[in-house]
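Student: I should like to learn how to read a helix and its surroundings in a structure. May we work through one case together?

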Amino acid sequence: MFDGDKRILEKMQPKLKRVLIADPQPASARMFSELMRDIAHSHVWIAGNTERALKIAETCDPQIIVVELGDDRVDGLGFTRKVRRSTWSCRKAPIITITGAATAGMILSARDAGVHEFLRKPYSMKDLLRRLEAVTLRDRDWVEGVGYIGPDRRRFNSGDYAGPLKRRTDGTETPYQQKINQALKIIRAAVAAADTDPHQAMRAMLAQATTLQAVATDFKLTLAASEFYRHLTKAVNAGALLTREDAERWAKPMLGFLPKDADADRDSDAEAA
């Protein structure tokens with residue numbers, strides 16, 4: 001059955017050894033479990049409710065998570081958000097959502113919760129392998145924001161999005177400039193959230209400071225990002241509580257590099273992703 005994809009399967013298999021299936025329907029959970037064992041000899045955990053799924057995610061470090069949508073026994077979107085905001089080893093693990101009642105709103109909600117891929121029932125083996133290949137062999141940028149945490153949504157499989165561009169600069173910026181501007185916008189949103197969500201604000205700012213140090217082409221921006229990162233890590237090591245006042249002061253030299261029209265864009269950290 002898999003001969004034509006043998007090389008691809010061999011590359012995927014090491015990343016599919018531990019699988020969590022959050023699905024309250026025993027038949028569909030068992031079918032997916034058997035497919036994963038056939039594909040990658042996976043060790044599979046099945047959870048029939050949200051609480052059980054969260055416990056397995058925390059303790060078993062799954063490499064991939066499959067979540068059923070549309071059943072009250074498993075809050076697939078809430079589960080995804082909790083995993084993304086956790087400190088667990090699997091917080092960045094690929095999440096594939098599955099449903100037999102796909103709507104445009106459901107697809108977008110799944111994307112905005114931080115899932116990697118969306119699979120509609122009934123699905124073929126080809127459909128499944130395509131999703132597994134996407135989450136194991138095609139790297140996606142990770143967005144560590146405050147309002148949104150997850151893979152870059154601009155590469156979500158949902159379609160196939162054909163609506164209007166989200167930013168007036170879409171299509172005009174270089175990939176590096178897009179990353180720089182996105183990082184700066186996320187930092188600005190994180191600064192605003194420093195008093196209300198200090199833990200995630202700090203995590204977001206550290207991640208974006210690291211990104212800016214790696215991709216910034218302007219020496220002054222690189223220097224500002226390095227100094228910002230130094231302040232943040234010093235606060236973390238001292239166990240100091242992050243305040244908005246401190247965050248604003250530390251971030252000010254960097255935020256001067258935001259484009260002048262940034263305020264006109266849909267530039268919250270959730271939308272910038």
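Tutor: Let us begin with a definition. A residue is called exposed when its relative accessible area is over 50%, buried when that area is under 20%, and partly exposed in between. Please keep in mind that this model is predicted.

Student: Which exposed residues does the face of H9 turned away from its buried side carry?

Tutor: That face carries Phe 219, Leu 223, Lys 234, Asn 237 and Ala 238, and these residues are exposed.

Student: Which residues of H9 are buried?

Tutor: They are Leu 221, Ala 224, Ala 225, Phe 228, Leu 232 and Ala 235. Viewed down the helix axis, the buried residues of H9 fall within an arc of 100°, and therefore they line one face of the helix.

Student: Against which helices do the buried residues of H9 pack?

Tutor: Their partners are helix H7 (175–192), helix H8 (198–215) and helix H10 (244–255).

Student: How does one compare the span of helix H9 with the span it should have?

Tutor: One counts 1.5 Å a residue, so the 20 residues of H9, numbered 219–238, should span 28 Å. The end C-alpha atoms of H9 are 29 Å apart, which agrees with that expectation.

Student: What is found at the N-terminal end of H9, and what comes just after the helix?

Tutor: Asp 218 caps the N-terminal end, with a side-chain oxygen 2.8 Å from the backbone nitrogen of Lys 220. Just after H9, Gly 239 adopts a positive phi of about 70°.

Student: How many helices and strands does the chain have, and what share of its residues is buried?

Tutor: The chain has 11 helices and seven strands. Of its 273 residues, 50% are buried. As for contacts, among those with a separation of 6 or more, 71% join residues 24 or more positions apart. The accessible surface of the chain comes to about 13,700 Å², and carbon and sulfur atoms account for 51% of that surface.

Student: How many disulfides does the structure hold?

Tutor: A disulfide requires two cysteine sulfur atoms within 2.5 Å. The structure holds zero disulfides. Cys 60 takes part in none, and the nearest cysteine sulfur, that of Cys 90, is 9.3 Å away. For Cys 90 likewise, the closest cysteine sulfur is that of Cys 60, which is too far for a bond.

Student: Are Cys 60 and Cys 90 buried or exposed?

Tutor: Cys 60 is partly exposed, with a relative accessible area of 22%, whereas Cys 90 is buried, with a relative accessible area of 1%.

Key:
Residues numbered from 1 in each chain as written. Predicted model: local features only at pLDDT ≥ 70, side-chain atom pairs only at ≥ 80, totals over all residues. Heavy atoms only, no water. Helix = DSSP H or I, 4+ residues; strand = E, 2+ residues; numbered from the N terminus. Expected span 1.5 Å × (residues − 1). Buried < 20%, exposed > 50% of the residue type's maximum accessible area, 1.4 Å probe, protein only. Arc of directions from axis to C-beta. Contact = heavy atoms within 4.5 Å. Polar contact = N/O pair within 3.5 Å; in protein donor to acceptor, adjacent residues only side chain to side chain. Areas by Shrake-Rupley, 256 points an atom, 1.4 Å probe, with all protein chains shown as cover.
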